[in-house]
Amino acid sequence: MRIDKERIQEKNQKELRSHREKFDFLSNVLVKDGCNVHDIIDKLAEFQVAIPSWALGAGGTRFGRFSFQGEPSTLEQKIDDVGILHALTQTAGAISLHIPWDVPQDYEAIKQLAASHGIVFDAVNSNTFQDQKDARESYRFGSLSNREKAVREQAVRHNLEVIDIGNRLGSKSLTVWLADGSNFPGQNNFQNALQNTQDSLKDIYRALPEDWKLFIEYKPYEPNFYSTVIQDWGTSFMLANECGDRAYTLVDLGHHLPNTNIEQIVATLMMKGKLGGFHFNDSKYGDDDITVGSIKPYALFLIFNELVYGMNNNPQNPYPAWMIDASHNIKDPLEDLIQSLEAIQEAYAKALLIDQGQLRTAQMENDVVRCQEILQNAYRTDVRPLLQEARRKGGGALSPIDAYRTLKVRENLINVRGRNSVASGL
Ligand SMILES: [Mn+2]
């Protein structure tokens, strides 16, 4: 299933006049304020976010899962779904695979399929939070941190296999997220668990190809409720430093306790050249994994302000790998992802509007009111015509959700795949 690009253009044609009026009006205002509108549009067009293969079906909770009709049940279909997102938004030019859910049968065919959609393979993700069929050892009491050497070795071996699979597809990074931890006080020796994790991560790091990066994700709780071995950015940062130059911290927005100042974490990591990857979502209470920007768009904007600052001022930090990491329990997963992509681009565009020179002057003068005005003037600007222009120039839809519905994408997917097709994942 593929979107007919002609039909996107036909639909755009009907909205073009209204778009032009809004875009010209905004451009004039921004140019008067000293913004380089073309530069912002180029940056928006370049900003590509990886879609994880597990976000294309309905997600579940530990109480149940309500599947969505027409879900992709094969790797080929998952790539097709990302192709649909990319055709409409021009922002989803990468897919992030999860092993063992997405092991290719025919590597060349998979690479060709992805290339035909204009999609590259971003970070590959290992899975040591579940026991795999026929596995000799169990991860019931942890994987890389496990007190049994045989379990740790199995978990390391799995990560090496994931690297090998990613390497054959053109991926350049491995993301490790550990579910390891403990449910009860006294269950784990904290120091031994951390030492084992560090040793295992070093074993994985040593096997990384020269041009690869290792991303170490952190999370304060869940599935373990008393302790998590890699609980926060500091622990991840320390482990990345122990591994070496090509190991980095990965920030997932949902993996923080409520009210954590995530933008400050971003600034700290970028200053130290250690922010490697970034997972987008939103949350109310914890790792809710809901649509990006659906609850805290201003917090997302403040985070983007630091990301933009870091990308402009921290050559020691690599260009981060961007990915959406969300779970779609209620909405059509593809519509949900389109909304997330829009929210990401919106926050990025607003952060690009901030006059960093003026902000710096106001900071130096301790003009706190002015500092807030500068940030909020950018935040209050309706930048959607800029996003639309960036999409239009790339051949995407002026209004992606509307186009998705008008072109009856979900109905077509159900016709091809059936009502009961279920995506692999949680
Ligand atoms: Mn994540």
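Trainee: Over residues 104–290, how far apart are the end C-alpha atoms?

Mentor: This is a predicted model, in which local features need pLDDT of at least 70, side-chain atom pairs count only at pLDDT 80 or more, and totals for chains, interfaces and linings use all residues. Residues are numbered from 1 along each chain as its sequence is written. The unreviewed UniProt entry annotates residues 104–290 as "domain: Xylose isomerase-like TIM barrel", and such annotations may be inferred rather than shown by experiment. The chain there is 37% helix and 16% strand (DSSP runs: H or I, at least four residues; E, at least two), and its end C-alpha atoms are separated by 29 Å.

Trainee: What radius of gyration does the protein have?

Mentor: The rule for a globule, 2.2 Å times the number of residues to the power 0.38, applies to C-alpha atoms. For 426 residues a compact globule would be near 22 Å, and the protein agrees, with 22 Å.

Trainee: Which elements are included in what covers the buried residues of α9?

Mentor: A residue is buried if 20 or more other C-beta atoms, placed from the backbone, lie within 10 Å of its own. In α9 the buried residues include Leu300, Phe301 and Gly310. Their cover, judged by contacts (C-beta atoms within 7 Å), includes α8 (262–271), β10 (275–280), α10 (333–353) and α12 (368–380).

Notes. A residue is buried if 20 or more other C-beta atoms lie within 10 Å of its own, exposed if 12 or fewer, and partly exposed in between; C-beta atoms are placed from the backbone. Two residues are in contact if their C-beta atoms, placed from the backbone, lie within 7 Å.
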